[in-house]
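Subject: Structure for your review

Dear colleague,

Please find below the structure that I am handing over to you. My findings follow it, and I would be grateful if you would read them alongside the coordinates.

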Amino acid sequence: MSDRQTLPNRRKPGTGRRKPGAGSSRTAARRERKGGKWRRGWLIAVLAILTALPLLLHRRIPNSFGNLGSLVDTFLPWVGLAIPVLAIAAIVRRSATAGVALLVPTLIWGMMFGNALVPGKGGGAYDVRVLSHNVDAANKDPEQTAADLLTADADIVALEEITSADLKVYKAAFAKTYPHVVARGTVALWSKFPVEESESVDVGFAWTRALRAEVATPEGKVAVYVAHLASVRVGASGFTSDQRNKTIKQLGQQIAQEKVAGVIVMGDFNGTANDRSLAPLTYGLRSAQGAAGFGFGFTWPANFPMARIDHILVRGVTPTKAWVMNPTGSDHRPVVAELRI
C-alpha cells in the first residue's frame with residue numbers, strides 16, 4: 001500500500017448530473033431574453049390596432065343603418081380610454097410589440113382631440129360674457145337654478161326648454177340684473193345690453209324653439225341665436241335623429257344668411273361638434289370651448305357628463321375663455337364663454 005490513501009471520489013457541491021431538460025430550459029430562457037419582448041403581447045397589439053380603426057375610419061361608417069355613424073361620432077373621444085388600459089397590459093406583459101402598436105391609436109387620438117387638453121388657450125380681455133343652459137322642463141327647483149346662474153355674472157343669458165310656468169320664475173329672478181328680455185316659445189334670452197330687435201326662427205316645429213336677437217353691446221352690435229334642436233333617441237332602431245337633422249339644416253341656412261358680422265349661436269343642439277350631422281350648422285362657426293376652453297366640456301347628462309351637446313358657437317368675435325358650470329338641478333350643465341367683440 002502506498003503512502004497515499006485512496007479515497008472515494010467526491011463531487012463538489014452543486015456539480016452533480018444535470019437534471020433532465022435543464023439544458024432546454026436554459027436555452028428557452030436565453031431565447032426569451034433575446035426576443036421575448038417582441039414575441040409577447042400580440043393580442044394586445046391587435047386590440048391596439050382595432051382601437052385605432054374607429055378613430056381613423058369613423059367617417060366611413062354609414063348613417064344608413066340606425067344613424068350608426070353619428071352615434072360613433074358622438075362618443076368618439078371615449079375610444080381613447082382603451083389606450084391607457086392596453087398600455088398597462090403591455091407594461092405588465094413587457095411587450096415591445098404591443099408598445100409600438102399602441103403608438104398608432106395614441107397618435108391618431110392626439111391629433112383629433114389633443115387640442116382639447118392643451119392648457120392656456122384663449123386668454124386676454126373680454127367684452128361680453130355669455131351663458132347658455134337647457135334648464136329642463138322637469139326641473140323641480142327652477143328658483144335655485146336661477147340663483148345658480150346668477151353667480152356666473154353673465155351679460156347675456158340664453159335658456160332652453162322653459163315651460164310657461166318656469167318662465168315667470170326666471171323673469172322674476174333675473175329682473176334686477178337683466179332689464180332686457182326676449183322670450184319665444186320654449187327659448188328665451190336675457191341681456192344687460194339693449195335688444196334692438198328680435199324674432200322667432202322657424203326650425204320646423206309646430207311651436208317655437210329658436211330665436212334671433214340683435215344685441216347692442218358697448219363694443220358693437222351682435223346677432224344672438226338661441227336654439228333647442230330636436231332630441232335624439234338611442235334604441236332598438238338605432239340612433240334616431242332624422243327630425244334633429246332637419247332642424248339643423250333650417251337653422252344653419254338662417255345663420256349662413258346672417259348680415260351682422262358678429263354672430264353668437266347658443267343652445268342645446270342634441271349633438272356634439274364631432275357629429276357629422278351638425279355640419280350644416282357648425283360650418284363657418286367656431287366653438288368657444290374648442291378655441292378657449294380646457295377639456296372636452298361635456299354637459300350631458302349632468303351627473304356624469306359623457307357628451308357636449310350644449311354649445312356656444314361664434315363668428316366674427318373672439319373667444320377668450322370658456323367653461324362648464326356645476327349642475328343646477330337640470331339634466332344638462334350650463335356653458336359659459338367670454339368673448340371679445
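This is a predicted model: local features need pLDDT of at least 70, side-chain atom pairs count only at pLDDT 80 or more; totals for chains, interfaces and linings use all residues.

**Packing around α2**

Helix α2, residues 42-57, packs against helix α4, residues 82-93, at an angle of about 165 degrees. The two axes lie 10 Å apart. Since angles over 145 degrees count as roughly antiparallel, α2 and α4 are therefore roughly antiparallel to each other. Their crossing is left-handed. On the α2 side the contact is made by I44, L47, A48 and T51, which meet A82, I83, L86, A89, A90 and R93 of α4. Sorted by class, this contact of α2 with α4 comprises 8 nonpolar, 1 polar and 1 charged residues.

Helix α2 also packs against α5, here at an angle of about 15 degrees and with the axes 8 Å apart. That angle makes α2 roughly parallel to α5. The crossing of α2 and α5 is left-handed. From α2, the residues W42, I44, A45, A48, I49, T51, A52, L55 and L56 take part. Their partners in α5 are T97, A98, A101, L102, V104, P105, I108, W109, M112 and F113. The contact of α2 with α5 has 17 nonpolar and 2 polar residues, and no charged ones.

**Packing of α6 and α7**

The axes of α6 and helix α7, residues 164-174, come within 9 Å and cross at roughly 40 degrees. This makes α6 oblique to α7. The crossing of α6 and α7 is right-handed. P142, E143, T145, A146, L149 and L150 of α6 form one side of the contact, and D166, V169, Y170, A173 and F174 of α7 form the other. By class, the contact of α6 with α7 has 8 nonpolar, 1 polar and 2 charged residues.

**The largest pocket**

The largest pocket holds about 400 Å³ of space. It is lined by 17 residues, of which F113, A116, A273, N274 and F296 are the closest to its centre. The elements that give two or more residues to this lining are α5, residues 96-113, and α10, residues 288-292. The lining is made up of 7 nonpolar, 9 polar and 1 charged residues.

**Backbone geometry**

Most residues other than glycine have a negative phi, and most peptide bonds are trans.

W300 and P301 are joined by a cis peptide bond, with omega about -10 degrees. P301 is found in the loop between α10 and β12, the latter spanning residues 310-315.

D136, a residue other than glycine, has a positive phi, near 75 degrees. D136 is placed in the loop between β1, residues 128-134, and α6, residues 142-150.

With kind regards

Key: Residues are numbered from 1 along each chain as its sequence is written. Side-chain values use heavy atoms; hydrogens and water are left out. On a 1 Å grid over the protein atoms alone, a cavity is a set of points where a 1.4 Å probe fits but cannot get out, and a pocket is an open set with protein on both sides within 12 Å along at least five of seven lines; lining residues have an atom within 4 Å of a point. Grid points are joined across faces, edges and corners, and a volume is the space filled by probe spheres set on the points. Helices (H or I, at least four residues) and strands (E, at least two) are DSSP runs, numbered from the N terminus. Ala, Val, Leu, Ile, Met, Phe, Trp, Tyr, Cys and Pro count as nonpolar, Asp, Glu, Lys and Arg as charged, and the others, Gly among them, as polar. Axes are lines fitted to C-alpha atoms, for helices over the stretch in contact, and angles run from 0 to 180 degrees between N-to-C directions. Angles under 35 degrees count as roughly parallel, over 145 as roughly antiparallel, 65 to 115 as roughly perpendicular and the rest as oblique. A crossing is left-handed if the near helix is turned anticlockwise from the far one by less than a right angle, and right-handed if clockwise. Contact means heavy atoms within 4.5 Å.
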